[in-house]
Amino acid sequence: MAPALEEFQARIDREERIEPQDWMPEGYRRTLVRQISQHAHSEVIGMQPEGGWISQAPSLERKVILLAKVQDEGGHGLYLYGAAETLGVSRDEMIDAMHTGKAKYSSIFNYPALTWGDVGAIGWLVDSAAIVNQVPLQRCSYGPYARAMMRICKEESFHQRQGYDIMLALARGSAAQREMAQDALNRWWWPTLMMFGPPDADSIHSSQSFAWKIKRYGNDELRQKFIDQAVPQAEVLGLKIPDDDLQWDAATGHYRIGAIDWDEFQQVVSGNGPCSRQRLAHHRQVQEDGAWVREAVAAHAAKHQAGGDGLKADAHNPASAQEGGADAAV
Amino acid sequence: MSLLPAVVALGDDALVLGQRLSEWCGKAPLLEEEMAMANTALDFLGRARLYYGYANTLGGRDEDGYAFHRDAREYTNLLLFELPGADFAAATARQFLVDAFDELHSAELANSADATLADIGGKAHKEATYHRRHSAAWMVRLGDGTDESRRRMQQALEDVWGYRQELFVNAPAEQPLVEQDILPDRAGLRAAWQEAVAATLTQATLTMPAAGWAVKGGRQGIHTEHLGVMLAELQHLSRSHPGAKW
Ligand SMILES: [Fe+2]
Ligand SMILES: [Fe+2]
């Protein structure tokens, strides 16, 4: 090992944080850009399935809570694009990479949100899975990523709760509402399990990520953690997990599930998800529609040097109802 | 006697604009602006809930009764608030005209002889001051940006201009409340509004449209054709499950 590389690994082994100005191997930088940008894209693309239901939410309270939730996801995208930018890649470059298919986002968002039950199931299951994935990332060796994850994790528990709360109301509601909840669980259960990625044995990026402490737990371990949380929650809801092989294993203290259909996962990852084209087309369209606005912002800032930074400050309106919206859900 | 419909009308203004703003979620030209539009949407939706909540204590329906179980003809919001604003120039021009009005209106409402309305007015004023600063900054950025953005903003302003007049009319239900200092006198806000708008337009290198045309009807339930479509989306789920709890 070259001395610089040795020293780098020694710092990681001592659990020191790597910061943007520090020397790092090119592979470390590339891995992080890939992972963080994919994570940022997932937050932003993930706004689409739930975002479509804000205008249709069945009560004003639910509307406000859902809007605050989806807004949070956009904020997560911003934190993460910011973290990736510290590695020398611009937001525009990252978005281009997604539009050309070089960068991915989480496949879960390539499934359609067909009913209000899906809004509940996404918050309950998908945000739960995100939390399980993200909590260890707060200790990721790369400082800006770890700090972004700390901010994000603080907000995620509200997301999970609002989803579970929707499911609870449906489960305790009319027969049609219970059916809505069960149908949503049926469709989101297996895709959520796939969010943790392929079995560790087949995972291509893992071992180096472990050595660099970008990743701390295997896909299967995280998946199991999620399952052990979700199964009792489904029982409280009185809903049936769509897995006839699901059973409690007293010897290990874990739930055992049936076989995951990894062919379906591969299909969705490779662009054959029900909404794969739609999600990207929507994102591309929005970028195109907004191009004249971004050009105007740049032109205005060039004319008036001070005028450029108003935008970012505006995103954090202290007088806003955002806090109230989030609190209302607690 | 006329307080209830006046309060509901203010709730309707806030709700339909909150709905329009929330439609921008996932569609804004910049992620930062998406956050800002969601904040503004949350402020307007929050305000709608305060007005409807007050209406409920005055013997009216609950908030969801107002939002989900009335048809377009029963809505009494001003037309300016319901316009689609489907491209960013249109959304910005409408928002700026509303915010400039809101800042003045809420400042006076905060001094209402009715304690609840004064509370709502005080809260709304804090928000409106921020909103107006934000939308005025956009008017300036886009007006004084590129040739294309100036052209689009000027056009958007022309397209929305005729809807401003309703802002300055006291509806029959509102007139006696104005006389009792419960509601601001809308007609009295016109000059200050015109001045505030003119100042921003000058900075934005935009031209104030000619006084010309004026459309009205919102407080009487005579809406644009857009409102029914918006309400169909807003209400369908709630109405498909009568009596359901969510
Ligand atoms: Fe998130
Ligand atoms: Fe989330």
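At 1% relative accessibility, Glu156(A) counts as buried (under 20% relative accessible area, with a 1.4 Å probe and protein chains only). Glu156(A) is also one of the residues that coordinate the iron ion (ligand 1). This is a predicted model, where local features need pLDDT of at least 70, side-chain atom pairs count only at pLDDT 80 or more, and totals for chains, interfaces and linings use all residues. Residues are numbered from 1 along each chain as its sequence is written, chains are lettered from A and ligands numbered from 1 in the order written, and side-chain values use heavy atoms, leaving out hydrogens and water.

**The iron site**
- The iron ion (ligand 1) is held by Glu43(A) (OE), Glu73(A) (OE), His76(A) (ND1) and Glu156(A) (OE), at 2.0 to 2.4 Å; donors are N, O and S atoms within 2.8 Å of the metal (3.2 Å for Na, K and Ca), and sites may look incomplete because water is not among the atoms.
- Along the sequence, these donor residues follow the spacing E-x29-E-x2-H-x79-E.
- His76(A) lies in α4(A) (residues 60-85) and Glu156(A) in α7(A) (residues 143-171), so this pair ties together parts 80 residues apart in sequence; helices are DSSP runs of H or I, at least four residues, numbered from the N terminus.
- His76(A) counts as buried, at 0% relative accessibility.
- Glu73(A) coordinates both the iron ion (ligand 1) and the iron ion (ligand 2), which are 3.3 Å apart.

**Where α4(A) meets α6(A)**
- Residues of α4(A), namely Arg62(A), Leu66(A), Lys69(A) and Glu73(A), meet Trp116(A), Val119(A) and Asp127(A) of α6(A), with contact meaning heavy atoms within 4.5 Å.

Notes
Helices (H or I, at least four residues) and strands (E, at least two) are DSSP runs, numbered from the N terminus. Buried means under 20% relative accessible area, exposed over 50%, partly exposed in between (1.4 Å probe, protein chains only).
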